[in-house]
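Take a first walk through this protein chain.

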Amino acid sequence: MEWFERTKPYEADLIADLNQIVKIPSILDPNTQSDRTPFGVDMARALAKMEELAARDGFRYGRVDNMVTWIEYGPADAAETVAILTHIDIVPAGEGWLRDPFKPEILDGLYFGRGSADVKADLMSAYYAMKYLADHEITLTRKIRLIIGTDEENGWRDLPSYFEVEGEPTMGFSPDGAFPVVNGEKAFQTVQLRFANQTTGDYVLRRFIAGSRPNVVPGEARARVSVPNPAQVQNEFAAYLAQYPFLSGQSEVRDQEVRLLLKGVQAHGAYPQDGENAGTYLANFLRRFAFNADAKTFLDFIGRVVHDDIGAENLGLRYHDDVMGDLTLNVGVMRFSQNGQGTILLNFRYPQGVNVQAVTTQVQRHLGDFAATVEVWPGGMEPHLVPETDELVGTLSLVYAKQTGMYMNPRTSNGGSYARLLKRGVAFGGQFPDVPVTSHQANESTPVANLTRSMAIFAESLLKLAK
């Protein structure tokens, strides 16, 4: 019997369990952080739900520092461990949803909900792959451990803590990437610009807000400006939007102050080409007016220097590596508040051959009149590459080829998965090549058919790696 035929009967139960996880808004919540809930109450609820499922299905499980839950199958005393590295935290829902992001629905064969593509569906497919092996009492030599983190979308403070307590697994994969095998992951680093917000004159930028996370392309931007002729700004804004059919927005006037809303296309910051950055477009529009002082340099930097430049050519950082590809840039967060302090967060993804010193140096060189300080955010990662000759890469590649009928060479990703924390770690699934990427976007979804399709690939892979 083919693997997909073996896993298809699990679909209804898999979906029922997935619904329970997607309904929990497991987003970093500083308001409910404590020693027992280091990333917020809802994150703890999500881990507890996975532990409840593990207890129901007879798995061994545990928790480390209230940050990571592990679920295990196979000989407890095995010397070697095959890890599945995943996470249960998600990015905020954002704007533009046509349905409640935390009330999952299936429409036209697609499963909708925040976290469905990144990465709760693949977490559940991997869990059910373990469940299949356990249900059939398959004997293993290596043990399998599903390791569920809670800080992947933020600072990666969870798994390093886990490794200190539990040690590093022998090998593993993260179902937080794409098929086929992703054996290389580019570095990722966020650079923060801090600056003063002094602005006077006839044109005053009172406030500018775009983005919430450095690893998300902002889908919405807002600005409040005081201007001599509000009607002129409104008319020019309407004309500007008309030039770009992928943008939308609105404006209103209150006491000589114009309030602007511009909507672009939100996307994952690892793939800025999939989005349309609302923040840089709004700045690109506003820089035509006679703002001065810090407002002028702020708008010029994000509206000209880094606008529509995902290759960071204007920063002198265009770079290509034959193995790992191109450097990319996402302008993830933009803040300006009159007479306050402003912030811009630039998220870079770069291949081997580039380092963080080169990135910060080039950003500093291209600030021009922008009196900003350049700081490196903690938590960045250097490039990661596992040789194609490694047993892990070869086994996963062959399983994918066998089940799909198509061999595809291992490749490099712009995204960062927990796999890079292992010396022998790769990303593997659950994004199929023929499916649009919806991670971090409004109306995030994944095909229902791929839930057990991924489960089948994971189950056979785990069997071959752990047998």
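This is a predicted model: local features need pLDDT of at least 70, side-chain atom pairs count only at pLDDT 80 or more; totals for chains, interfaces and linings use all residues.

Residues are numbered from 1 along each chain as its sequence is written, and side-chain values use heavy atoms, with hydrogens and water left out.

Begin with the secondary structure. The protein chain has eleven helices and 26 strands. Here helices (H or I, at least four residues) and strands (E, at least two) are DSSP runs, numbered from the N terminus. The radius of gyration is 23 Å, and the globule rule gives 23 Å for 467 residues, so the chain is as compact as a globular protein of that length. That radius is taken over C-alpha atoms, and the rule is 2.2 Å times the number of residues to the power 0.38. Along the principal axes, the C-alpha atoms fill a box of roughly 75 × 45 × 45 Å.

Next, look at what is covered. Of the 467 residues, 60% count as buried. Buried means under 20% relative accessible area, exposed means over 50%, and partly exposed lies in between (1.4 Å probe, protein chains only). The chain exposes about 18,500 Å², and carbon and sulfur atoms supply 47% of that area. Such areas come from the Shrake-Rupley method with a 1.4 Å probe; for residues, only the protein chains shown count as cover.

How much of the contact count comes from residues 24 or more positions apart? They account for 77% of the contacts with a separation of 6 or more. A contact means heavy atoms within 4.5 Å.

Now turn to charge. The chain has 44 positive and 58 negative side chains. Lys and Arg count as positive and Asp and Glu as negative, while His and the chain ends are not counted. The centres of the two sets lie 3 Å apart. Each charge is placed at NZ of Lys, CZ of Arg, CG of Asp or CD of Glu.

Side chains of opposite charge can pair when their charged atoms come close. The structure holds 32 salt bridges. In each, a side-chain nitrogen of Lys or Arg is within 4 Å of a carboxyl oxygen of Asp or Glu. Three of these pairs follow.

E80 and R142 meet in a salt bridge at 2.8 Å, N to O. The pair links distant parts of the chain, 62 residues apart. E80 is in the loop between β2 (68-73) and β3 (81-87), and R142 is in the loop between α4 (116-135) and β6 (143-149). E80 is partly exposed at 33% relative accessibility, whereas R142 is buried at 14%.

R114 pairs with E444, and their closest N and O atoms are 2.5 Å apart. R114 lies in the loop between β5 (110-112) and α4, and E444 in the loop between β25 (430-431) and β26 (445-447), so the bridge ties together parts that are 330 residues apart in sequence. Are these two partners buried or exposed? R114 is buried, at 1% relative accessibility. E444 is buried too, with a relative accessible area of 1%.

Salt bridges that share partners also join D17, R56, D57, K131 and D135 into one network. Within it, the side chains of R56 and D57 meet at 3.0 Å, N to O. R56 is partly exposed at 46%, and D57 is buried at 18%.

A cis peptide bond joins F179 and P180, with omega about -5°. P180 is in the loop between β8 (177-178) and β9 (181-185). The bond from G429 to G430 is also cis, with omega near -5°. G430 sits in strand β25.

Which residue lies 8.7 Å from F179, C-alpha to C-alpha? It is M408, 229 residues away in sequence. M408 lies in the loop between α10 (391-404) and β23 (411-413). Leaving aside neighbours within four places in sequence, M408 is in contact with P180, Y400 and P433. M408 is partly exposed at 25%.

Finish with two aspartates. D65 is not a glycine, but its phi is positive, near 55°. D65 is found in the loop between β1 (60-64) and β2, and is partly exposed at 44%. D308 also has a positive phi near 55°. Its place is the loop between α8 (293-305) and β17 (320-321), where D308 is exposed at 63%.
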